[in-house]
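Have a look at the model first.

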Amino acid sequence: MSRETSTVLAFAAGDRDGRSLKVFPATKNAAIEATTSHLVLDEWAHTFDPEAVWAAVEPTLSARASSALITTARIHGDFVHDYWLRS
């Protein structure tokens, strides 16, 4: 039996600060129906399928969202390398 979970951490910078940090597991359905204002993908090129990961998380980015795509390249010409060149 498999189980998908996520973790929500709340960091308050003051009494009225309502920001939260949500961590999603790297699974196919982890971010369904979620939105984000900032995305961090750590070691993106080394996920199970970088193109599928991007296809799953890209729709969660709001119109003014920012992102940090952190990775070490694997091979020239793969999806992550091509994305970097386009950026």
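## Two sides of a helix

Which residues are exposed on the other side of α2? They are Leu85 and Arg86, where exposed means over 50% relative accessible area, buried under 20% and partly exposed in between (1.4 Å probe, protein chains only). Helices (H or I, at least four residues) and strands (E, at least two) are DSSP runs, numbered from the N terminus.

The buried residues of α2 are Val80, His81 and Tyr83. Seen down the helix axis, they fall within an arc of 160°, so they line one face of α2; the arc is that of the directions from the axis to the C-beta atoms. These buried residues pack against α1 (50-57) and β4 (61-70), with contact meaning heavy atoms within 4.5 Å.

## A closer look at His81

His81 sits in helix α2 and has a relative accessible area of 15%, so it counts as buried. Leaving aside residues up to four places away in sequence, His81 touches Ile75 and His76.

## The second largest pocket

Helix α2 (residues 79-86) gives the largest share of this pocket's lining, four residues. Among the lining residues are Trp44, Leu69, His81 and Trp84. The lining divides into six nonpolar, three polar and no charged residues.

## About the model

This is a predicted model: local features need pLDDT of at least 70, side-chain atom pairs count only at pLDDT 80 or more, and totals for chains, interfaces and linings use all residues. Residues are numbered from 1 along each chain as its sequence is written, and side-chain values use heavy atoms, leaving out hydrogens and water.

Conventions. On a 1 Å grid over the protein atoms alone, a cavity is a set of points where a 1.4 Å probe fits but cannot get out, and a pocket is an open set with protein on both sides within 12 Å along at least five of seven lines; lining residues have an atom within 4 Å of a point. Ala, Val, Leu, Ile, Met, Phe, Trp, Tyr, Cys and Pro count as nonpolar, Asp, Glu, Lys and Arg as charged, and the others, Gly among them, as polar.
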